[in-house]
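I opened the model and kept notes as I went. The entries follow the order in which I looked things up.

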Number of protein chains: 2
Amino acid sequence: MASTGPFVPGTSVRVAGAPSGPLAGLTFAAKDLFDVAGHPTGGGNPDWAKQHPVPAKHAWAVQRLLDAGATLIGKTITDEVSLGILGENPFEGTALNPKAPDRVPGGSSSGSASAVAQGLCDTALGTDTGGSVRVPASFCGLYGIRPTHGRLDLTGMLPQAPSADTTGWFARDAATFARVSAVMLGESLAAGLPLRLVIAVDAFGFADPETAAALQPMVKKLSTLVRDVREDLLAPPGLSVWGKAQTTLQRHEAWLTFRDWIERDNPRMQFSVARNLALSTTVSESERQWAALMRMEARARLAWLLPPGTALCMPTTPCPAPKKGLPLPTLDPLRSRILCLAAHGGLTGVPQITIPGAEVDGVPVGLSILGGRGSDAALIAVANALAGCAP
Amino acid sequence: MASTGPFVPGTSVRVAGAPSGPLAGLTFAAKDLFDVAGHPTGGGNPDWAKQHPVPAKHAWAVQRLLDAGATLIGKTITDEVSLGILGENPFEGTALNPKAPDRVPGGSSSGSASAVAQGLCDTALGTDTGGSVRVPASFCGLYGIRPTHGRLDLTGMLPQAPSADTTGWFARDAATFARVSAVMLGESLAAGLPLRLVIAVDAFGFADPETAAALQPMVKKLSTLVRDVREDLLAPPGLSVWGKAQTTLQRHEAWLTFRDWIERDNPRMQFSVARNLALSTTVSESERQWAALMRMEARARLAWLLPPGTALCMPTTPCPAPKKGLPLPTLDPLRSRILCLAAHGGLTGVPQITIPGAEVDGVPVGLSILGGRGSDAALIAVANALAGCAP
């Protein structure tokens, strides 16, 4: 399938920002999960908007950027109701990955990443439940953030799995990323940098060797910014075990979120989206209970690993963007592997940024930096410092 | 959702029949699972036709009717790749049930039944794997047949579960039904009628009391045509047990049929269609083996119950057509119940006709007559006799 524009087909949305403010002059796009007053929230599925009222108010995140002076220029394609990690939406098309036109943009915030990567706007809102900002940022060579879970107001954002849902955003450069982040977080950026860096050796081992090797120069550069550097495991039980726990919890919550709609409307969906929801209903209560216990352990692990002043780095994705149109037997294991490397986000709620980390055969892949809960601004400062910007 | 025309939206198909022949002057429509040379076979799914070549030859059944002088006037809506029993296709619409405009037409041969019931053509081709001709015939007040499995050439008909797939057809009146059946079966109608009639008391007990009661006058009329009438069980293990066996086997075969397409294209589907295919992959081999054994027992039961000269009667569906747009938690058990009463067809392959049997609150419901394998023409003769037509 040929790539398409990043905006939802048939929509035209423009809302001018406040005349002055810290983001005056910037433009942004919003994933079609965010309410924009007077426009249907499409959710990436042709049957979603029809069954839901047109919002009368902007989502909190949209209003926040407008109030700061940024102008909304469009609503962007998303995987259906945020259930997808690759960005191949069969109803609205696959948004172009300008860094690799024959590859997927990543999802589910595919159109937002695509719009920023193409230079059509300065920043864009996405959502990240299981990796939906981090993965497209990595695949499109962008800065992206999944903030601390629970920190931002999610009013007017279509939910998926509330215990893991977050609002994130993208930028092409560190300066814009910092400027937007200060507004969204409502916090001026930290002046100091972390003192300690943990290199997650299990996560680097989980990535393709070429990806892990390509990221080493950026890891070295990051290491020079801190006092202590050590190697440790992110997930001692296994990234695949954390992945299984997160997938179990997230799909069950997603089913609870979308069940009323699905049972009432029996909507059209991409086969794999419907399949994953249907199969989630076959998971036993005891498996979900185990997953909830593993989540507790993961939270304890990251609290211990990431005390104040400590950051952790890891590959955002195990590989660059895969080609478009791969068959399910190839895609499914790949998708699972990508989700394993992102599972700690939804499981533990710690903040994570991803920065353009390297290129593998000319195609981008991101390096991620994590911190303890609430350390979002400190992570932005690290991105700034790596780019040589003043805090 | 408002009802739509019975023909596939955006298509226009007309192929003149042979200038003379036993069906000269008649018109017919073909379910969009039958190949018509030069036109894509849509299969009721927007992603099916795109991935399959436009056929160069007519399906055997289409050619058969054309050769006999009937003219093809259109291709009709079907549930997606014949996976559905109600006829609510979210991509192409729900074909009108003219006898009950607020109710479903039944499926999967929904458009064919609708076109005949509306008087837009004299007959129409459908397919019946688990009830896809019998159910819409019952719901739309038509004559319909599921012939002996394996009797007709299925070349050019999109398969679903080959061990149960059949080609069937509809008509509004017994005379046309007989005329078309003689051509399709390649056999002149039997002069004699069955000697014995079995009234399937379990099947009547499985129907709504109002439906069972409404069908009694037609059962009485049928009883007067035969020498001996007795009551017996169709399915001693339970119609629900036969239903479970048939569903298990049919869905597994359907998955094998459509798996390559689904895995390659990850197509758009109605949630419930994708769900049922996905859940079929979780059925264990031992459950499928049990279902195969139950099929053997069901075949033996019908061979014993239906020796030459014996017919069996039962309600075609447990109730008239349900309302359109019911939510899945209401539809799913109803769908299962409808399928239980049709399961013997796919399980055993015996022929079955359904005739306009009665009305319940002004809405039609069919009476079915079954015979032993190969007795198709004898069943048509019964329909003729009931309608007072000469054989």
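**Entry 1: the contact between the chains**

I began with the contact, which draws 20 residues from chain B and 20 residues from chain A. This is a predicted model, so I went on to the confidence scores in a later entry.

I listed the elements on the chain B side next. Those giving two or more residues to the side that touches chain A are α7 (239–265), β11 (268–270), α8 (271–280) and α10 (328–340) of chain B. Which of them gives the most? I found α8(B) in that place, with 6 residues. Sorted by class, this side of chain B holds 12 nonpolar, 4 polar and 4 charged residues.

I then checked for strand pairing across the contact. β11 (residues 268–270) of chain A pairs with β11(B) in the antiparallel sense, over 3 bridges. I noted one pair of residues here: Arg268(A) is opposite Gln270(B) in β11(B).

How are the two copies related? I superposed chain B on chain A: a rotation of 180° does it, with 0.0 Å of shift along its axis and an RMSD of 0.0 Å. The copies are therefore related as by a two-fold rotation axis. Both copies use the same surface, as 100% of the contact residues of chain B recur in chain A.

**Entry 2: confidence**

I looked up the scores. The average pLDDT of chain A is 96, and 99% of the residues score at least 70. I kept one caution in mind: where pLDDT is low, predicted coordinates should not be read in detail.

**Entry 3: the sheet of chain A**

I traced an open sheet of 10 strands in chain A, in the order β3-β2-β6-β8-β7-β13-β14-β12-β9-β10, with mixed pairing. Which strands are at the edges? They are β3 (71–76) and β10 (228–232) of chain A, each pairing on one side only. Neighbouring strands of this sheet are turned by 25° against each other on average, direction ignored.

I picked out one pairing. β9 (residues 196–200) and β12 (residues 310–315) of chain A run parallel and are joined by 4 bridges. In that pairing, Leu197(A) has Ala311(A) of β12(A) as its bridge partner.

Then I looked at helices on the sheet. α4 (residues 174–185) of chain A packs on it and touches β6 (123–127), β7 (143–146) and β8 (167–171) of chain A. The direction of α4(A) makes about 155° with that of β8(A). α6 (residues 209–223) of chain A also packs on the sheet, touching β9, β10, β12, β13 (352–360) and β14 (363–371) of chain A. I read about 125° between the directions of α6(A) and β13(A).

**Entry 4: helix α1 of chain A**

I asked which residues of α1(A) are buried. They are Ala61(A), Val62(A), Arg64(A), Leu65(A) and Leu66(A). The buried residues of α1(A) pack against β2, β3, β6, β8 and α4 of chain A. Just after this helix, Gly69(A) has a positive phi of about 105°.

**Entry 5: Gly44 of chain A**

I found Gly44(A) in the loop between β2 (27–31) and α1 (60–67) of chain A. Is Gly44(A) buried or exposed? Gly44(A) counts as buried because it has 30 C-beta neighbours inside 10 Å, and the cut-off is 20 or more.

I listed the contacts of Gly44(A), leaving out residues up to four places away in sequence. They are Asp32(A), Ile77(A), Thr78(A), Asp79(A), Glu80(A), Val81(A), Asn89(A) and Glu92(A). I also took one distance: Gly44(A) and Ala171(A) are 127 residues apart in sequence and 22 Å apart in space, C-alpha to C-alpha.

**Entry 6: the sheet of chain B**

I repeated the trace in chain B. It gave an open sheet of 10 strands, ordered β3-β2-β6-β8-β7-β13-β14-β12-β9-β10, with mixed pairing. The edge strands are β3 (71–76) and β10 of chain B. From one strand to the next the twist averages 25°.

α2 (residues 110–117) of chain B packs on this sheet, touching β2 (27–31), β3, β6 (123–127) and β8 (167–171) of chain B. The direction of α2(B) makes about 165° with that of β6(B).

Definitions and conventions
Residues are numbered from 1 along each chain as its sequence is written. Chains are lettered from A and ligands numbered from 1 in the order in which they are written. This is a predicted model: local features need pLDDT of at least 70, side-chain atom pairs count only at pLDDT 80 or more; totals for chains, interfaces and linings use all residues. Two residues are in contact if their C-beta atoms, placed from the backbone, lie within 7 Å. Ala, Val, Leu, Ile, Met, Phe, Trp, Tyr, Cys and Pro count as nonpolar, Asp, Glu, Lys and Arg as charged, and the others, Gly among them, as polar. Two strands pair if DSSP finds at least two bridges between them. Axes are lines fitted to C-alpha atoms, for helices over the stretch in contact, and angles run from 0 to 180 degrees between N-to-C directions. A residue is buried if 20 or more other C-beta atoms lie within 10 Å of its own, exposed if 12 or fewer, and partly exposed in between; C-beta atoms are placed from the backbone. Copies are superposed by least squares on the C-alpha atoms of residues with pLDDT of at least 70 in both. pLDDT is the predictor's confidence in each residue, from 0 to 100.
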